[in-house]
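User: Could you help me learn to read aromatic pairs and helix packing in a model?

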Amino acid sequence: MRRLRSVVRTCLAALLLGGGAASVQAGNQQYEPLAASVQAALHAAVADQAPLDPSFQRSPERARWLAEMSQRLAKRIPDETARSELLRAVHYEATRAGLDPQLVLGLIQVESGFKKYALSPVGARGYMQVMPFWARLIGNQETNLFHMRTNLRFGCTILRHYLDIEKGDLFRALGRYNGSLGRAEYPNMVRAAWERNWAYPPLRLASNP
């Protein structure tokens, strides 16, 4: 037990320091039969390829978020254009799915270490380590899970699905996402990465008394 706790602490320390813990917790979502209505709804969610929200150009608050997150991500993705593209897509897909974009950044850090072409031993792919069966289940034969927006769209949609199943219980939803339902290590690692590396207080404007 002591050795297990030591290993977990080591992994957490590596993550919080931005170390090379990428793919240590690579995704292993478990296939579960879906009701036809749920399958149709998830298919519709991933099929909608609307263009990214251009509001970053109009919103000072979103521009501030983008600049802050880009600075934090610079060591992992040195190319500024690539960082900006990924962060805009994360913000759009997370918000679209009703998720906190910072939570999604924490999940990506744990799952893939921000490696676009990450491939786990069980076949999970891309930034959010999506299992291939999801492409067959709610995608189509053209689905490429290494494509940035496709991967983020699937990952956010799947996490939203698990949150709905678990009635908003993030601990259990993250366990389902990782295929480790009921075990604390993975949810705790995602929360630690989220809170220590990607937490972001929105700008609070002064109000009239």
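Analyst: Happy to; we will take ring pairs, then a helix contact. This is a predicted model, where local features need pLDDT of at least 70, side-chain atom pairs count only at pLDDT 80 or more, and totals for chains, interfaces and linings use all residues. Residues are numbered from 1 along each chain as its sequence is written, and side-chain values use heavy atoms, with hydrogens and water left out.

User: How many aromatic pairs does the structure hold?

Analyst: A pair of aromatic rings is described by the distance of the centres and the angle of the planes. Rings of Phe, Tyr and Trp (its six-membered ring) pair if their centres lie within 6.5 Å; planes under 30 degrees apart count as stacked, over 60 as edge-to-face and the rest as tilted. The structure holds four such pairs. In one of them, Phe-114 and Trp-198 have ring centres 5.5 Å apart and planes at 55°, so this pair is tilted.

User: Are Phe-114 and Trp-198 buried or exposed?

Analyst: Both Phe-114 and Trp-198 are buried (under 20% relative accessible area; exposed is over 50%, partly exposed in between, with a 1.4 Å probe and protein chains only).

User: At what angle do helix 8 and helix 9 pack?

Analyst: Helices (H or I, at least four residues) are DSSP runs, numbered from the N terminus. Axes are lines fitted to C-alpha atoms, for helices over the stretch in contact, and angles run from 0 to 180 degrees between N-to-C directions. Helix 8 (residues 170-178) and helix 9 pack at about 110°, with axes 8 Å apart.

Conventions. Helix = DSSP H or I, 4+ residues; strand = E, 2+ residues; numbered from the N terminus.
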